[in-house]
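Here are my notes on the model you sent. They cover overall fold, surface and core, in that order.

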Amino acid sequence: MNESKKYGILFVCLGNICRSPAAQAVLQRMVDERGLADRFLIDSAGTGGYHIGDLPDKRMRVHARPRGYELTHRARRVQSYDFEDFDLIVGMDAANVDDLCRLAATIEQQDKVVMMGNYIRQFPNYDYVPDPYYEGSEGFELVLDLLEDACDNLLNQIIQQNHITK
Ligand code: 4NP
């Protein structure tokens, strides 16, 4: 890997106010804890535009905080330049992945799109991160559990495959 080039990861969900900003915070902390902050560019965006400029959903912030995550991202919509700026674009569910593949301009850009569920190991009943928007507290806790599991595996894989060191 080019020493000066950061590895870019963009997390994507529908609204960019629940799952993807939480994923961004979870992975950012893991990267910070491993002393790799200057090796990664981590961001999030939504396929929908209903919440542009908003902070993450209050319920997501309330559940993330006791785990040590302060969610300060402002919602934005996925843009065509994201497919150039980021190395990996991670959809939270199958609809996100379908939308992202439609937005990609080339096969190479489509190849950057992966599903977060591919990295879930400890929850065999989940191969995606479910939308918590119309769920209760358990839905938000589940999202955080799934994201902590998946981010750990995602980060290990990226570090290995791209020979990333401090
Ligand atoms: P997210 O959750 O995709 O995880 O940010 C949602 C947020 C808002 C809506 C749906 C899902 N909404 O319909 O407004």
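1. What percentage of the 166 residues in the protein chain do buried residues make up? The figure is 51%. Keep in mind that this is a predicted model.

2. The protein chain contains six helices and four strands. Read from the N terminus, the order is β-α-β-α-α-β-α-α-β-α. The radius of gyration is 15 Å, close to the 15 Å that the globule rule gives for 166 residues, so the chain is as compact as a globular protein of that length. The C-alpha trace spans about 45 × 35 × 30 Å along its principal axes.

3. Contacts were counted between residues at least 6 apart in sequence; of these, 74% join residues at least 24 apart.

4. The accessible surface of the protein chain is about 8,400 Å², and carbon and sulfur atoms account for 47% of that. There are 18 positive and 26 negative side chains, with the centres of the two sets 5 Å apart.

5. The largest nonpolar core holds 42 residues, and F11, F40, M116 and L147 have the most contacts inside it. At least two residues each come from β1 (7-13), α1 (19-33), β2 (40-46), α2 (58-64), β3 (88-91) and α6 (137-162). The most come from α6, which gives twelve residues.

6. Leaving aside residues up to four places away in sequence, L147 touches R19, A22, A23, V26, M92, M116 and V129. One of these partners, M116, is also listed with L147 among the residues with the most contacts inside the largest core.

7. A second, separate core has twelve residues, including L10, A45, L100 and M115.

Terms used
Residues are numbered from 1 along each chain as its sequence is written. This is a predicted model: local features need pLDDT of at least 70, side-chain atom pairs count only at pLDDT 80 or more; totals for chains, interfaces and linings use all residues. Side-chain values use heavy atoms; hydrogens and water are left out. The radius of gyration is taken over C-alpha atoms; the globule rule is 2.2 Å times the number of residues to the power 0.38. Buried means under 20% relative accessible area, exposed over 50%, partly exposed in between (1.4 Å probe, protein chains only). Contact means heavy atoms within 4.5 Å. Accessible areas come from the Shrake-Rupley method with a 1.4 Å probe; for residues, only the protein chains shown count as cover. Lys and Arg count as positive and Asp and Glu as negative; His and the chain ends are not counted. The place of a charge is taken as NZ of Lys, CZ of Arg, CG of Asp or CD of Glu. A nonpolar core is a set of buried Ala, Val, Leu, Ile, Met, Phe, Trp, Tyr and Cys residues joined through side-chain atoms within 4.5 Å.
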